[in-house]
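Good morning, and thank you for coming. Please look at the sequence and the model as I go through the main features.

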Amino acid sequence: MNSEQTFRIAVLAGDGIGPEVMAEGLRVLEAAAKKFSISFEFDHQLVGGAAIDAVGRALPAETLAACEQADAILFGSVGGPKWESLPANEQPERAALLPLRKHFGLFANLRPAICLPELTHASPLHPRLVEGGFDVLCVRELTGGLYFGEPKYIKSENGEDFAVDTMIYWESEIRRIAKVAFEAARNRRKEITSIDKANVLQNGILWRRVINEVSRDYPDVTLKHLYVDNAAMQLIKNPKAFDVILAENLFGDILSDEMAMIAGSLGMLPSASLGESTGGSTGGPTGGTTRFGMFEPSGGTAPDIAGQGIANPIAQILSCAMMLRFSIGRADAAEAIENAVRAVISSGLRTGDIHTPEARLVGTAEMGAAIAAQI
Ligand code: NAD
């Protein structure tokens with residue numbers, strides 16, 4: 001990699017707690033950039049409700065153009081009660097997030113569900129099941145399957161309505177998401193559980209066949225298959241048994257939310273939505289490829305706590321780490337951020353969402369500053 005290169009990042013903070021947590025994400029990113037001699041240029045743009053208020057559209061043309069010029073997009077979150085009465089297709093999430101995913105072909109959604117050993121109290125599972133914490137990565141196909149297949153309609157026949165959705169997957173779509181999952185697994189514990197419903201769906205049969213084929217290129221990664229209904233149960237029964245979960249769009253949507261709930265607070269969980277390879281190396285031990293991507297917390301704008309300076313910035317900070325790993329190719333800097341988060345949690349600092357009486361309660365900025373200082 002060219003050490004002189006300046007990476008341009010489109011920063012779309014959005015609404016509610018978005019700008020508050022984004023400020024801390026950037027503070028930590030700047031600390032990591034300084035330590036690892038990475039040069040960033042941040043291009044702040046309007047998105048979501050803030051953009052509707054300022055220029056009348058959730059995704060202004062200028063914002064989209066800035067994203068096109070960027071090496072990656074850092075996203076906060078969008079939406080809130082103020083814009084809920086707008087027509088559905090003008091609302092912030094639908095009119096900003098979905099078009100961004102579509103425009104950039106962001107087909108791979110990565111959501112780590114990490115429950116740190118110190119934060120197992122935040123999990124709704126019995127302490128015996130989560131003792132010592134867990135770390136599961138959900139890899140979800142994001143642009144195919146039942147959500148996008150055509151035809152898709154509601155019609156009437158003989159005085160009765162009926163609805164049709166089409167579940168369609170091309171081999172190439174399955175292959176490319178599988179590669180992302182196998183590459184990610186190589187940087188982890190090297191175990192993939194692929195989810196399908198091959199006992200009922202034709203899609204499941206093709207899915208399983210293609211995943212098996214791709215796995216031959218990754219002999220160092222162990223592959224298991226689970227039916228989705230069984231997976232939903234096993235994840236609750238023993239989350240520690242899983243490393244990477246690979247699923248198509250619908251199953252991945254449901255299971256990644258299940259995992260977010262099991263992990264505890266939304267304030268801790270980052271996400272990445274990745275597109276095609278950009279040709280570089282992720283810098284991991286086995287050198288996966290870098291991809292254009294959008295990186296954002298798994299949660300929303302948290303209107304109940306917005307503006308109070310008490311939101312947990314860690315989801316946004318860890319989203320910056322994912323950006324370093326997957327779009328910038330700097331696993332070393334990503335790890336430094338992840339280790340700094342762990343160290344600060346170990347030292348006893350907590351925002352309200354993960355607080356316990358014996359810990360020290362801090363606000364958004366204090367948490368961000370402590371993590372940046374740790375780097
Ligand atoms: P939410 O994720 O905003 O909030 C759910 C709960 O989690 C709230 O109690 C909130 O306080 C808490 N929470 C979330 N993030 C937190 C953080 N960083 N620190 C501490 N607590 C945190 O979900 P919601 O209430 O269903 O949605 C609120 C708004 O956000 C809606 O307008 C929704 O459309 C939007 N939303 C946007 C995105 C996105 O932009 N990607 C995702 C989900 C929801």
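In what order do the strands of the open sheet of 10 strands stand? The order is β2-β1-β3-β12-β11-β4-β5-β10-β8-β9, and the pairing is mixed. Strands here are DSSP runs of E with at least two residues, helices are runs of H or I with at least four, and both are numbered from the N terminus. Two strands count as paired if DSSP finds at least two bridges between them.

At the edges are β2, residues 39-44, and β9, residues 222-227; each has a single partner strand, so one side of each has no neighbour in the sheet. On average, neighbouring strands of this sheet are turned by 25 degrees against each other, direction ignored.

A word on the source: this is a predicted model, in which local features need pLDDT of at least 70 and side-chain atom pairs count only at pLDDT 80 or more, while totals for chains, interfaces and linings use all residues. Residues are numbered from 1 along each chain as its sequence is written, and side-chain values use heavy atoms, with hydrogens and water left out.

Within the sheet, β5 (residues 134-141) and β10 (residues 244-247) pair in the parallel sense over 4 bridges. Leu137 stands opposite Val244 in β10. Helix α8, residues 228-237, lies across β8 (191-196), β9 and β10, and runs at about 105 degrees to β9. Such angles run from 0 to 180 degrees between N-to-C directions, with axes fitted to C-alpha atoms, for helices over the stretch in contact, and contact means heavy atoms within 4.5 Å.

Finally, two backbone details. The peptide bond from Glu150 to Pro151 is cis, with omega near 0 degrees, and Pro151 lies in strand β6, residues 149-157. Ser37, in the loop between α1 (18-35) and β2, has a positive phi of about 50 degrees although it is not a glycine.
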